[in-house]
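Dear colleague,

I am handing over the structure we spoke about, and I would be glad if you could look through it alongside the notes below.

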Amino acid sequence: MKFEMQAPGTPSVDQLLVLLTAVEEGSFTGAAERLRRATSAISYAIDTLEAQLGLTLFDRGTTRKPKLTHVGEAIVSGRYSVDTLRARARGLLEGLESEVSLVVDTMYPSDQLVVVLNDFHTKFPTVPLRLLVQALGGVERLIRNGDAGIGIGGLMHIDSTGLRRVEIGGVMLIPVAASSHPLARAGDNSTSRALDHVQLVLSDRPAGEGRDHGVVSLATWRVGDLTLKHKLLLSGFGWGGMPEPTVRADIESGRLVRLDLPDWRGGVYPMQVVHKIESPPGPAGRWLVERLVALSSGAGMHIVPGVAKTTNVKRNRQATRRPVRARAK
């Protein structure tokens, strides 16, 4: 599905000033010189104004210089008031959300999230967005209690009952430690050596509640914030699994070292976009979901072959835990 609807809004004084100056000067370049701005800034202001009104003010294809359309001429001459424009655009506002609320698993690549959010603002410049970041099961909790309308979270941490979900690939988890850590210095990264060192485990629950994934060491520290876990690793304390996009620059610079642990079972952390079936998002939210799906193979995301149902993920998760738990006893 494609949603081409734009969100009209009240033009600002600055936007109208740019419009009138461009008309008086006969070009965007002339308006830029008069207002002491970049030409691209003038063009962006006009584009945004057209998007907000849902109307085309300039015909850019007929001549080298932008020419007013009939509607544009009516606005500049005063025959077509802003109030009239807003009344005409009111129909486009029906069904458009007053706010889109998004909760994102901390594992989701931040670079990709920035791209998506910038695209959203370009498409819906007048729709506010509330962004929340949670670890693991926190995404489902906020969706269930209504604090967020759309969630990006892990397949293994979200019960899909009552939710519509769309898979968007996954993030590769890799074991790392600081270059000063004994595991990185010794060159012996066997599981037996890893057992002797503290493993930092991302967790949003107390010990004994829920399941830990990829646990190898006998000694673990449970950390509820991925940023703090990252800083602890950089400081040289402990080792642990991290999303590859998050630590890529650290590995390239030598601050962190990727460990070769034969029994490491991190692999790809599969992710999905979810919302309640009973309260689906509006046009802007649906567009956001589509954009997330479209970009699911970029900025560190990996396609997860053969994972079509949440039940399959749970079954694989349980199978991988048994040998690790047996060795840890």
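What follows is a summary of the overall fold and then of the salt bridges.

Please keep in mind that this is a predicted model. The protein contains 13 helices and twelve strands, and of its 329 residues 44% are buried. Where contacts link residues at least 6 apart in sequence, 70% of them join residues at least 24 apart. The accessible surface amounts to about 16600 Å², and carbon and sulfur atoms account for 52% of that area.

Turning to charged side chains, the structure holds eight salt bridges, and three of them are described here. One lies within helix 11, which spans residues 244-253: Glu-244 pairs with Arg-248, their closest N and O atoms being 2.7 Å apart, and the two residues are four positions apart, about one turn of the helix. Glu-244 counts as buried because its relative accessibility is 18%, under the 20% cut-off, whereas Arg-248, at 34%, counts as partly exposed.

Asp-250 and Arg-255 also meet through their side chains in a salt bridge, with an N to O distance of 2.7 Å. Here Asp-250 is buried, with a relative accessible area of 5%, while Arg-255 is partly exposed at 44%.

Terms used: Residues are numbered from 1 along each chain as its sequence is written. This is a predicted model: local features need pLDDT of at least 70, side-chain atom pairs count only at pLDDT 80 or more; totals for chains, interfaces and linings use all residues. Side-chain values use heavy atoms; hydrogens and water are left out. Buried means under 20% relative accessible area, exposed over 50%, partly exposed in between (1.4 Å probe, protein chains only). Contact means heavy atoms within 4.5 Å. Accessible areas come from the Shrake-Rupley method with a 1.4 Å probe; for residues, only the protein chains shown count as cover. A salt bridge is a side-chain nitrogen of Lys or Arg within 4 Å of a carboxyl oxygen of Asp or Glu.
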